[in-house]
Amino acid sequence: MADTYKKLVATSFSTDFRQAAEIVEEDLPTPGPHEVLVRNRYAAVNATDVNISAGRYELGADLPVDLGVEAAGYVVEVGEKVRQLDEGDAVVTSTLGGGYREYHVVHESNAIHVPEPSPEALSIMVSGLTASIALSEVGGLRHDETVLVTAAAGGTGQYAVQLAHEAGNHVIGTCSTDRKVAFLEELGCDRPVNYTEEDVADVLRAEYPEGVDLVYEAVGGELFDVAVEHLARHGRLLSIGYVSEYEDGPEAVTRERIYTSLIPKSASIHGFFLPHFAEHFGTHVKKLMRMQRSGVLDVRIDDRVFEGVEAVPDAVDYLQSGQSMGKVVVQFPS
């Protein structure tokens, strides 16, 4: 085991991830009594990485800021009071700053034991959990409803499509290419909409005049407005992100207040931030992994390969470009 390791930190606050990020080398840390040292094998790339590099996650954060969140790897050293894990165990972790680095120390309670540190297990850790918990615990996922998923071919959208379909719903999914349309059809999406060729509002107006019962919304901006407009009576919208506004910041708009759209339909909007639902992690991780092992859940990993800490800015740029399909990951030397 090396004496030092590399990690990525933000040395300035900016939504330009490449400009903010810098590789640093540090001495290998020693785990405390209840901690484990993990050698990362894979790290997940997320749309919100540009929010972390911009300092939006922790008010008053001081530079430098460690970057990356979820990772999958092996335990290489355990603290003297650790009882749940052993050296050699495969784990997935989700801690702010724990992703884009070759090694990191984490409390044993924040390391979930998995069969192997695979990209699929990593994808389930945050992207899958977000969809599963948001839909079930907040959105009231039912059956025989119409469900709209935006950014449906992305890291978390792919889960929302499959979970809604598996529950017995009619699923609409928005995406940006015909290749993604085919991907969504494979996942069970009943009505993929390539928004570069079809207007989403026109499709909803013509084909779903009664509206949409549940929306899993990750894009924001005009698409959010369209989704609100087409909510059905008692419709629910889950706002899990607004990727269209991450780089330039939230857009200021002037319109009537949102209650004028919600009250006439007894509709609702729920914001969702995964860390606020930690009590549900264990149950939903087990459910998703069971579904994946049985073949019910198809966990897609984008086929673009990114290797090493040095490749992280390229991976973030790739995700932000909208070209990705499934979960984007960076792999580290084994």
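Reader: Which residues touch the most other members in the largest nonpolar core?

Author: Val149, Val161, Leu184, Tyr216, Leu238 and Phe272 do, out of the 50 residues in that core. The biggest share comes from helix α3 (residues 119-138), which supplies 11 residues. Keep in mind that this is a predicted model.

Reader: What makes a set of residues a nonpolar core?

Author: Its members are buried residues of kinds such as Val, Leu, Tyr and Phe, joined through side-chain atoms within 4.5 Å. In soluble globular proteins, nonpolar side chains tend to be buried together.

Reader: What does Phe272 touch?

Author: Leaving out residues up to four places away in sequence, Phe272 touches Thr130, Ile133, Ala134, Val138, Ser239, Ile240 and Phe277. There's also a second, separate core of 26 residues, and among them are Ala10, Phe17, Ile52 and Phe332.

Reader: How do you know that β1 and β4 pair?

Author: Two strands pair if there are at least two bridges between them. Strand β1 (residues 4-10) is joined to β4 by 2 bridges, so the pair meets that cut-off. The two strands run antiparallel. Ala10 has Val65 in β4 as its bridge partner.

Reader: What makes β2 and β4 stand at the edges of the sheet?

Author: The open sheet has 3 strands in the order β2-β1-β4, with antiparallel pairing. Both β2 (21-27) and β4 (65-66) have a single partner strand, so one side of each has no neighbour in the sheet.

Reader: Why is the pair of Tyr5 and Tyr103 called edge-to-face?

Author: Ring centres have to lie within 6.5 Å to count as a pair, and planes over 60 degrees apart count as edge-to-face. Tyr5 and Tyr103 have 6.3 Å centre to centre and 75° between the planes, so they pass on both counts. A search of the whole structure finds 6 aromatic pairs.

Reader: What does the pair of Tyr5 and Tyr103 tie together?

Author: Tyr5 lies in strand β1 and Tyr103 in strand β7 (residues 103-107), so the pair ties together parts 98 residues apart in sequence. Tyr5 and Tyr103 are both buried.

Reader: Is Tyr242 buried or partly exposed, and what about Tyr246?

Author: Buried means under 20% relative accessible area, exposed means over 50%, and partly exposed is in between. Tyr242 has 35%, so that residue is partly exposed. Tyr246 has 8%, so that one is buried.

Reader: What makes Arg41 a charge over the ring of Tyr42?

Author: The CZ of Arg must be within 6 Å of the ring centre, and within 35 degrees of the ring normal. Arg41 lies over the face of Tyr42 at 5.0 Å from the ring centre. Likewise, Arg304 lies over the face of Tyr318, at 4.8 Å from the ring centre.

Reader: How do you know that Cys175 and Cys189 are not in a disulfide?

Author: A disulfide needs two cysteine sulfur atoms within 2.5 Å. The sulfur of Cys175 has its closest cysteine sulfur in Cys189, 7.8 Å away, which is too far for a bond. Cys189 is in no disulfide, and the structure holds 0 disulfides. Cys175 is buried at 4% relative accessible area, and Cys189 is buried at 5%.

Reader: Which residues of helix α10 are buried, and what covers them?

Author: In α10 (residues 312-320), the buried ones are Val312, Pro313, Ala315, Val316, Tyr318 and Leu319. What covers them includes β1, α1 (17-20), α2 (49-53) and β15 (329-331). After α10 comes Gly322, with a positive phi near 85°.

Reader: What is the peptide bond from Leu63 to Pro64, cis or trans?

Author: Most residues other than glycine have a negative phi, and most peptide bonds are trans. The bond from Leu63 to Pro64 is cis, with omega near -5°. Pro64 sits in the loop between α2 and β4.

Reader: What is the phi of Asp144, and where is Asp144 found?

Author: Asp144 is not a glycine, yet has a positive phi of about 60°. Asp144 is in the loop between α3 and β9 (146-149). At 65% relative accessible area, Asp144 is over the 50% cut-off, so the residue is exposed.

Definitions and conventions: Residues numbered from 1 in each chain as written. Predicted model: local features only at pLDDT ≥ 70, side-chain atom pairs only at ≥ 80, totals over all residues. Heavy atoms only, no water. Buried < 20%, exposed > 50% of the residue type's maximum accessible area, 1.4 Å probe, protein only. Helix = DSSP H or I, 4+ residues; strand = E, 2+ residues; numbered from the N terminus. Contact = heavy atoms within 4.5 Å. Phe/Tyr/Trp six-rings, centres within 6.5 Å; stacked < 30°, edge-to-face > 60°.
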